[in-house]
Amino acid sequence: MKQPQLGKKISELRLAKGLTQTELADKCNLSLRTIQRIETTEVTPRSYTLKLIFKSLNYDGYSSTNKSPSSSVNGLFNFKKYKYSKVMILLIIASTIVFLFLKLHSNNKIQSESKVTNIIEKHQRDIKRWMNNKEIDSVLSKYDKNACILNSICGKIQIRKMMKDVIENNYELMDYNTLSISVGGSIAIEKYENTYRYKGEIRNQNGITEWNYINGSWLIANDVFRDN
């Protein structure tokens, strides 16, 4: 039963019982305003309210199958009734999103470090070849303009002079091995060891190179080393 038939039916039953709206409200433990709004079809009462009213009026013709569409919708989305299940669903969704985000972020980080490692190792292979071929300008292309060697030889002009002097003394980079590369944002720290010939003498060396990501390229910013 729907409005306006519902309000009319309640009014008829109330009058048949000789009850005023106030008396019916008291019997149902409802407000007078609620009874008035139902009988004047201003509102459609909830299932629970209808049960109270019809019980007070000794009317058995109402059943749960007479629920109005609005009351069914209200019941379906009653947060208190379904609070536990809704919270669990939200938690599952949130947990899934966080898990996927962390997994994707972790994979991207691993790929990024792997990519940077490959780039730096290739740069070092190129530098080794260029140094042995006395191609100083090619070597310098992998250095930042403000780069320093041994914290004292800074800028490409000074680095060029040092490399020229080394090459003129029969320098040869015989072997170069990257030991590890740590990447943090736009900075990568490379630890390495190499074997070189200088003035006819073979020496071993350990060093640390700082690489910076500048304008889309990984360039040497600092290089410090020592002979073993």
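**Entry 1. Contacts and overall make-up**

I began with the contacts of the protein: among those between residues at least 6 apart in sequence, 45% join residues at least 24 apart. For a contact I required heavy atoms within 4.5 Å. I noted that this is a predicted model, in which local features need pLDDT of at least 70, side-chain atom pairs count only at pLDDT 80 or more, and totals for chains, interfaces and linings use all residues. I numbered residues from 1 along each chain as its sequence is written, and side-chain values use heavy atoms, with hydrogens and water left out.

I then listed the secondary structure and found 8 helices and 6 strands in the protein. These are DSSP runs numbered from the N terminus, with helices (H or I) of at least four residues and strands (E) of at least two. Along the sequence I read the pattern α-α-α-α-α-α-α-β-β-α-β-β-β-β.

**Entry 2. Confidence**

I looked up pLDDT, the predictor's confidence in each residue, from 0 to 100. The protein has an average of 82, and 79% of the residues score at least 70. Where is confidence lowest, and where is it highest? I found the lowest mean, 40, in helix α5 (residues 69-76), and the highest, 97, in helix α7 (residues 136-140). Over residues 64-84 the pLDDT stays under 50, and for this stretch the model has 14 contacts beyond four places in sequence.

**Entry 3. Surface and burial**

I called a residue buried under 20% relative accessible area, exposed over 50%, and partly exposed in between (1.4 Å probe, protein chains only). Of the 228 residues of the protein, 31% count as buried.

In helix α4 (residues 47-56) I found Ser47, Thr49, Leu50, Ile53, Phe54 and Ser56 buried. Just after α4, Asn58 has a positive phi of about 55°.

**Entry 4. His123**

I located His123 in helix α6 (residues 83-132). Is His123 buried or exposed? His123 counts as buried because its relative accessibility is 12%. Leaving aside neighbours within four places in sequence, I found His123 in contact with Lys142, Trp211 and Trp218.

I searched for disulfides, taking a pair of cysteine sulfur atoms within 2.5 Å as the rule. A disulfide is a covalent bond between the sulfur atoms of two cysteines. The search gave 1 disulfide. Cys148 and Cys154 form a disulfide, with their sulfur atoms 2.0 Å apart. The link of Cys148 and Cys154 is right-handed, with 110° about the S-S bond. Cys148 is buried at 13% relative accessibility, whereas Cys154 is partly exposed at 32%. I also looked up Cys28, which is buried at 4% relative accessibility.

I placed Ile153 in strand β2 (residues 153-154). Apart from neighbours within four places in sequence, Ile153 is in contact with Ala147, Cys148, Gln158, Ile159 and Met162. Ile153 and Asp223 are 70 residues apart in sequence, and their C-alpha atoms are 9.8 Å apart.

**Entry 5. Salt bridges**

How many salt bridges does a search of the whole structure find? I recorded 9 salt bridges, each a side-chain nitrogen of Lys or Arg within 4 Å of a carboxyl oxygen of Asp or Glu.

Asp126 and Arg129 meet in one of them, at 3.2 Å from N to O. Both lie in helix α6, 3 residues apart, about one turn of the helix. Asp126 is buried, with a relative accessible area of 9%, while Arg129 is partly exposed at 41%.

Arg160 forms a salt bridge with Asp137, and the closest N and O atoms are 2.6 Å apart. Arg160 lies in helix α8 (residues 156-168) and Asp137 in helix α7, so the pair ties together parts 23 residues apart in sequence. Arg160 is partly exposed at 38% relative accessibility, and Asp137 is partly exposed at 48%.

The side chains of Glu172 and Arg197 meet in a salt bridge of 2.5 Å, N to O. This pair links distant parts of the chain, with Glu172 in strand β3 (residues 172-184) and Arg197 in strand β4 (residues 187-198), 25 residues apart. Glu172 is partly exposed, with a relative accessible area of 32%, and Arg197 is partly exposed at 27%.
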